[in-house]
Structure formats: structure tokens, C-alpha cells
Amino acid sequence: MSARGLSMPAGFSAHLAQNALPLAVAVIIAIFTLTEPAFLSADNLVGIARQVAIIGIMAVCMTFVIMTGGVDLSVGPVLALAGLAAFYCLDAGFPLPVVILAGLSVGAVVGLANGLIVAFLQLPPIIVTLAMLSMVRGTALIVGGPEQHLIRNEPAYSFIGTGSMMGLPVSVYIFAAVAVFMILVQRRTPLGLLVAAIGDNELAARLSGHRTRLTKTLVYVICGLGAALAGIIQSSQVHTALATYGPFGTELDVIAAVVLGGTSIMGGNGSIARTLLGVFFLGILNNGMNILNVPIDIQLIAKGAIIVAALAIAARRG
């Protein structure tokens with residue numbers, strides 16, 4: 001067989017690997033639609049978009065962290081603590097902009113702490129953020145206690161999570177705005193290139209004169225802000241703040257969405273736009289399995305198997 005004959009299947013295989021996620025999304029949509037036609041109803045599609053908004057915001061904001069070869073396991077507790085900060089500010093009578101700023105400040109401070117420790121002390125991100133997960137969760141329990149804090153008679157704040165415009169939830173618009181902003185940052189600013197350079201070879205990037213430590217700190221701040229914004233939206237949706245929101249597993253869903261989108265867990269390669277595909281893939285999968293009444297244990301097994309498959313495809317592509 002000629003060399004040309006061998007190259008075509010190899011090229012096709014590479015093309016298939018590059019487009020595995022869009023194809024997988026199309027396949028599961030087809031399967032769920034054939035099994036349950038109501039899956040493609042307008043109400044259900046809007047419901048999927050609303051369901052993925054919180055995880056989606058966190059995944060989009062964590063993509064840069066993973067592209068640098070890091071990870072942030074503290075996003076779940078940050079979500080909870082940001083919601084509590086917003087609640088106490090509302091309870092104290094502060095105006096809405098101050099309430100939102102207070103919630104976001106929680107994420108910025110935690111992200112800054114993570115970033116400084118990882119970048120300047122050069123400790124492993126998984127250890128740093130695992131420790132931060134514990135500290136932030138403990139802080140949330142001290143601040144909020146075990147009880148739910150009801151958010152009542154706050155229509156402006158509730159509008160963030162429960163309002164709608166032109167048939168779409170406000171939370172979806174916020175998710176879209178964050179995603180578009182981060183895509184523009186990746187494609188149109190030096191930060192996007194520098195994040196990829198750090199993931200590929202941090203030492204080379206530093207020797208080239210780039211401020212790698214500042215950049216690594218910044219991406220953790222962005223990740224923290226995303227988790228805090230998600231916490232504000234969730235507390236607004238459910239009209240409560242609780243120290244145990246964002247339970248264990250939240251960060252795994254976020255990381256899964258990023259990895260499914262093709263971002264290398266080792267750093268370097270990654271795309272905000274493809275993270276969105278990962279987010280909606282998981283959202284469609286969860287929604288379809290819920291419609292079909294698939295038991296939760298089977299759902300967890302399926303999700304884990306899909307993540308392993310995604311990593312295997314990414315390794316072949318690399």
C-alpha cells in the first residue's frame with residue numbers, strides 16, 4: 001500500500017479526534033430526541049441553558065487556570081461564601097451594587113490568595129486549592145452556621161437569578177456575557193497568548209521577559225470571581241444563602257467541562273469556546289438522563305466514563 005493510502009486514514013483519524021466533542025453532542029441530542037421527543041421542546045432547551053449557567057460561568061473562568069497547568073478545587077466553597085456575603089449585605093440594607101461587589105470581593109480575595117501562593121511560593125496548585133477549599137468552607141460555616149438564610153422582599157436581587165428577558169433567564173444572559181468577554185480576552189489580548197505560553201513552558205516564558213507570576217496570580221483571581229458570581233446567581237435563584245452550597249463534586253463538574261472542551265490538564269492547549277461545548281455536553285447529558293429517569297448512580301458512572309474517554313482522546317490528539 002502506498003504512503004498516500006496510509007496518510008488518508010491517519011488524517012481522517014486526527015480530524016475525527018479534533019471534532020469528537022461536537023459529534024458526541026450531536027449524537028446524544030439525536031438519541032435523547034428519538035427516545036423522548038419533548039427533549040427538543042423550547043422550554044426544555046431554555047431549561048438546559050438555565051441549568052448550565054452556574055457551572056458554565058465557573059468553567060469558563062477556570063479554563064485559564066487549567067491552561068497554565070493548575071487547578072482550583074476551592075470554587076464550591078467560594079460559591080457558598082459569596083452567597084452568604086451577599087445575604088448579609090442585603091440584610092444590612094446596602095444597595096444592590098454594594099451587595100454584588102461584596103460577593104465578588106470574596107472570590108477575588110480567595111483567588112488572589114490561591115494565585116500568590118501558587119505563583120510566588122511555587123507550591124502545587126492541587127494542594128494549595130485543596131487546603132483553601134477546607135479553609136473557605138470552614139469560614140462559611142463560621143459565618144453562616146448550619147441554617148438556611150432566607151432572602152425575602154429583595155426583587156432587584158431576585159431578578160438576577162429568577163428574572164427573564166425576551167424569554168430567556170437573566171442568568172443565561174450573564175453566562176453569555178462572561179463567555180463572550182473571556183473569549184475576547186483569549187483571542188484579542190496578550191493575556192490569552194501568555195496563559196498558553198506558561199502552560200507550554202513556564203520557564204521559557206519567564207526567560208523571555210514575561211511576567212509569569214503576575215499572570216498566574218491573575219488567572220486564579222478570575223477563577224475566584226467566576227465562582228463568586230455563580231454564588232450570587234445561585235442564592236438569587238433559590239432565595240437562600242447556605243454555607244454548604246457548592247458541595248463536594250461541584251469543582252469536579254467544572255473541571256470535567258473544561259477537560260471535555262479539550263483543554264489539556266497538563267496545561268498549554270485550551271479554548272474558552274470549546275469549554276462552552278463541554279459545559280453544554282454535560283448539561284445535555286444530565287438533562288436527558290433525568291428526563292429518562294436514569295438512576296443517579298448510573299448517571300455518575302456515565303459521567304466518569306465520559307471524562308476518562310475525553311482524556312484518552314485528548315492524549316491521542318496530543
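**Exposure, helices and contacts in the predicted chain**

Asn153 is exposed, with a relative accessibility of 75%. Here exposed stands for over 50% relative accessible area, buried for under 20%, and partly exposed for values in between (1.4 Å probe, protein chains only). Asn153 sits in the loop that joins strand 1 (149-150) to helix 7 (155-162). Its phi is near 55°, a positive value in a residue other than glycine.

The model is predicted: local features require pLDDT of at least 70, side-chain atom pairs count only at pLDDT 80 or more, and totals for chains, interfaces and linings use all residues. Numbering starts from 1 along each chain as its sequence is written, and side-chain values rest on heavy atoms, with hydrogens and water left out.

The chain holds 13 helices and four strands. Both are DSSP runs numbered from the N terminus, with helices being H or I of at least four residues and strands E of at least two. The radius of gyration is 20 Å, close to the 20 Å from the globule rule for 318 residues, so the chain is as compact as a globular protein of that length. That radius is taken over C-alpha atoms, and the rule is 2.2 Å times the number of residues to the power 0.38. Along the principal axes, the C-alpha trace spans about 75 × 55 × 35 Å.

Of the 318 residues, 47% are buried. The accessible surface of the chain is about 15100 Å², and carbon and sulfur atoms contribute 71% of it. These areas come from the Shrake-Rupley method with a 1.4 Å probe; for residues, only the protein chains shown count as cover. Among contacts with a separation of 6 or more, 79% link residues 24 or more positions apart. A contact requires heavy atoms within 4.5 Å.

The chain carries 14 positive and 11 negative charges, and their mean positions lie 15 Å apart. Lys and Arg count as positive, Asp and Glu as negative; His and the chain ends are not counted. Each charge is placed at NZ of Lys, CZ of Arg, CG of Asp or CD of Glu.

Helix 11 (residues 250-260) is a mostly buried element. Nine of its eleven residues are buried, so the helix is largely enclosed by the rest of the structure. Among the buried residues are Thr250, Glu251, Val254 and Leu260. Gly262 follows helix 11 and has a positive phi, near 100°.

A positive phi also occurs at His239, where the value is near 60° in a residue other than glycine. His239 belongs to the loop between helix 10 and strand 4 (240-241). It is partly exposed, at 33% relative accessible area. Gln237 lies in helix 10 (residues 212-238). Gln237 is buried, at 15% relative accessibility. Setting aside residues up to four places away in sequence, Gln237 touches Arg50, Ile54, Gly161, Thr162 and Ser171.

Ala108 lies in helix 5 (residues 96-120). With 22% relative accessibility, Ala108 is partly exposed. Beyond its neighbours within four places in sequence, Ala108 contacts Val221, Gly224 and Leu225. Ala108 and Ile222 are 114 residues apart in sequence, yet 7.3 Å separates their C-alpha atoms.

Ser74 occupies the loop between helix 3 (42-67) and helix 4 (75-91). Its relative accessibility is 1%, which counts as buried. Apart from neighbours within four places in sequence, Ser74 is in contact with Val110, Asn114, Thr129, Met132 and Leu133. Ser134 lies in helix 6 (residues 125-144). Ser134 is partly exposed, at 49% relative accessible area.

Three aromatic pairs are found in a search of the whole structure. Phe87 and Tyr88 form an edge-to-face pair, at 5.1 Å centre to centre and 65° between the planes. Rings of Phe, Tyr and Trp (its six-membered ring) pair if their centres lie within 6.5 Å; planes under 30 degrees apart are stacked, over 60 edge-to-face, and the rest tilted. Phe87 is buried, at 10% relative accessible area. Tyr88 is partly exposed, at 32% relative accessibility.
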